[in-house]
Amino acid sequence: FMSPDNCKEIYGYAEDMDNIEYPVYTDMGTVTDYSAALDEHIEAIFALPDIDLELTRERKFKVCLDTVNGAGGPILSAMLSQLGCEVNGMNLDPTGRFAHMPEPIPSHLGDLCKEVK
């Protein structure tokens, strides 16, 4: 909980929005190449006690994966392949420009339904 003085301070910021100087985004933070991130994340998932890797690999699932060009395309397709799944991928490029709305409702699932049949 905030004290009355804290509330006044926060409200003061909101009332003074025109005078706030925002930094240029290119002057903030750093970019780091962490090329092992996907592999390390997959390894961590596979190390979970509830994941039966051998049983999953024995099943040889066929998976149709549509990540709508979101961030999950590379890691999900790699993980499923490592699980021995036959992956039919759609919209796997992580461009951030969704191929269709990501909400899984019937009007957004047309192409995926065609692939699954």
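Hi everyone. Before the fold itself, one definition: helices and strands here are DSSP runs, at least four residues of H or I for a helix and at least two of E for a strand, numbered from the N terminus. Keep in mind, too, that this is a predicted model.

With that, reading along the sequence gives α-α-α-β-α-β-α, which comes to 5 helices and 2 strands. How spread out is the protein? The radius of gyration is 22 Å, well over the 13 Å from the globule rule for 117 residues, so the protein is more spread out than a compact globule. Along the principal axes, the C-alpha atoms fill a box of roughly 60 × 35 × 35 Å. Buried residues account for 15% of the 117, and the protein exposes about 9,700 Å², with carbon and sulfur atoms supplying 56% of that area.

Now to the two strands. E1, residues 62-66, pairs with E2, residues 86-90, in the parallel sense, over 5 bridges. To get from E1 to E2, the chain passes through helix H4, residues 73-82, in a right-handed β-α-β crossover. Within the pairing, Cys64 of the chain sits opposite Asn88 in E2.

That brings me to the cysteines. How many disulfides does the structure hold? The count is 0. For Cys85, the nearest cysteine sulfur belongs to Cys64 and is 12 Å away. Cys113 has its closest cysteine sulfur in Cys64 as well, at 9.3 Å, which is too far for a bond. And are these two buried or partly exposed? Cys85 is buried, with a relative accessible area of 11%, whereas Cys113 is partly exposed, at 41%.

Thanks, happy to chat!

Notes. Residues numbered from 1 in each chain as written. Predicted model: local features only at pLDDT ≥ 70, side-chain atom pairs only at ≥ 80, totals over all residues. Heavy atoms only, no water. Pairing = 2+ DSSP bridges. Right-handed = clockwise from strand over helix to strand, strands pointing away. Disulfide = S-S within 2.5 Å. Buried < 20%, exposed > 50% of the residue type's maximum accessible area, 1.4 Å probe, protein only. Rg over C-alpha atoms; globule rule 2.2 N^0.38 Å. Areas by Shrake-Rupley, 256 points an atom, 1.4 Å probe, with all protein chains shown as cover.
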